[in-house]
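Hi,

Here is the structure I promised to pass on to you. Have a look at it first, and then read on for my notes.

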Amino acid sequence: MAEVVQAGLWGSLAGSALLVGAALGYGLRVPQKAIATVMAFGAGVLLSAVSFELVGEAYDQAGLAPAAIGTLVGALAYTAGNVWLAGRGARHRKRSGHQPAQSQPSEVQQGGSGMALALGALLDGIPESAVIGVSLLDGGTVSLVTVAAVFISNVPEGLSSSAGMKRAGRGKAYVFGVWTSIAAASTVSAVLGYTVIGAFSPAVIAAVTAVAAGAILAMIADTMIPEAFHDAQLTIGLITVCGFLVSFALSHT
């Protein structure tokens, strides 16, 4: 099978977890404690993947400076986009809406917030999917750890965000339209990560990997950990470490 097709399929698989989470969050009344627990676990999984599969790989390929600079650039780019979207109603896009002060606004409360939420979901998902395609450049075999980490983390992201969208009064067509679009964008992003980035030198590939890592790290700190902390304060550390160790074990087997 052509590697570009593989990139698309792996990206699609990881993105499909968003739809799984959306179905759970929109169709079921999932307890807040359960949402927080899964979110903390997913954050730990992603933290491990970023450390060993992305930043570590960038360092091995290009050294400390490109890895560090790329990571900072990714974090800055994500933060800039996040600040812009936050002012348009997407600040709490990963929140389930259990607390009014941290709930997503409805379109009546803030016009244009629906589009901002969709763009925020896209901002969160693109770096994760791109690195799946980039991982195929290393010997033609996808990083199963990266795919697993993105898949596992996408379930709680879709679950919590969709629950918040429902509480804000957004209908089923909007919720599943958003996540279907993001899942499709994940496929395209993985393909572009393989085809576009693959034309560059190993140093540039390493830098791009680090940029994606920085964006993912910023996303974890800004959107995943706050939701997890709110309802799992006393156990979030332990749960996050468990997720970290699961991903670490996968990367060393």
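This is a predicted model: local features need pLDDT of at least 70, side-chain atom pairs count only at pLDDT 80 or more; totals for chains, interfaces and linings use all residues.

**Notes on helices and core**

For the overall picture, the protein has 8 helices and 0 strands, which gives the pattern α-α-α-α-α-α-α-α along the sequence. Of its 253 residues, 48% count as buried.

Back to α6, which covers residues 172–195 and packs against α1 (residues 3–27). The angle between them is about 160°, and their axes lie 7 Å apart. Since angles over 145 degrees count as roughly antiparallel, that makes α1 roughly antiparallel to α6. Their crossing is right-handed. Sorted by class, the α1–α6 contact holds 15 nonpolar, 9 polar and 2 charged residues.

Which residues of α6 are buried? They are V175, V178, W179, I182, A183, A185, S186, S189, A190, G193 and Y194. As a reminder, an α-helix has 3.6 residues a turn, so residues three or four places apart point the same way.

Then there is the largest nonpolar core, with 22 residues. Within this core, L46, L54, I216, I220 and M224 touch the most other members. Helices α2 (32–62), α7 (202–231) and α8 (236–251) each supply at least two of its residues, and α7 gives the largest share, with 9 residues.

Enjoy exploring it!

Best wishes

Conventions. Residues are numbered from 1 along each chain as its sequence is written. Side-chain values use heavy atoms; hydrogens and water are left out. Axes are lines fitted to C-alpha atoms, for helices over the stretch in contact, and angles run from 0 to 180 degrees between N-to-C directions. Helices (H or I, at least four residues) and strands (E, at least two) are DSSP runs, numbered from the N terminus. Angles under 35 degrees count as roughly parallel, over 145 as roughly antiparallel, 65 to 115 as roughly perpendicular and the rest as oblique. A crossing is left-handed if the near helix is turned anticlockwise from the far one by less than a right angle, and right-handed if clockwise. Ala, Val, Leu, Ile, Met, Phe, Trp, Tyr, Cys and Pro count as nonpolar, Asp, Glu, Lys and Arg as charged, and the others, Gly among them, as polar. Buried means under 20% relative accessible area, exposed over 50%, partly exposed in between (1.4 Å probe, protein chains only). A nonpolar core is a set of buried Ala, Val, Leu, Ile, Met, Phe, Trp, Tyr and Cys residues joined through side-chain atoms within 4.5 Å.
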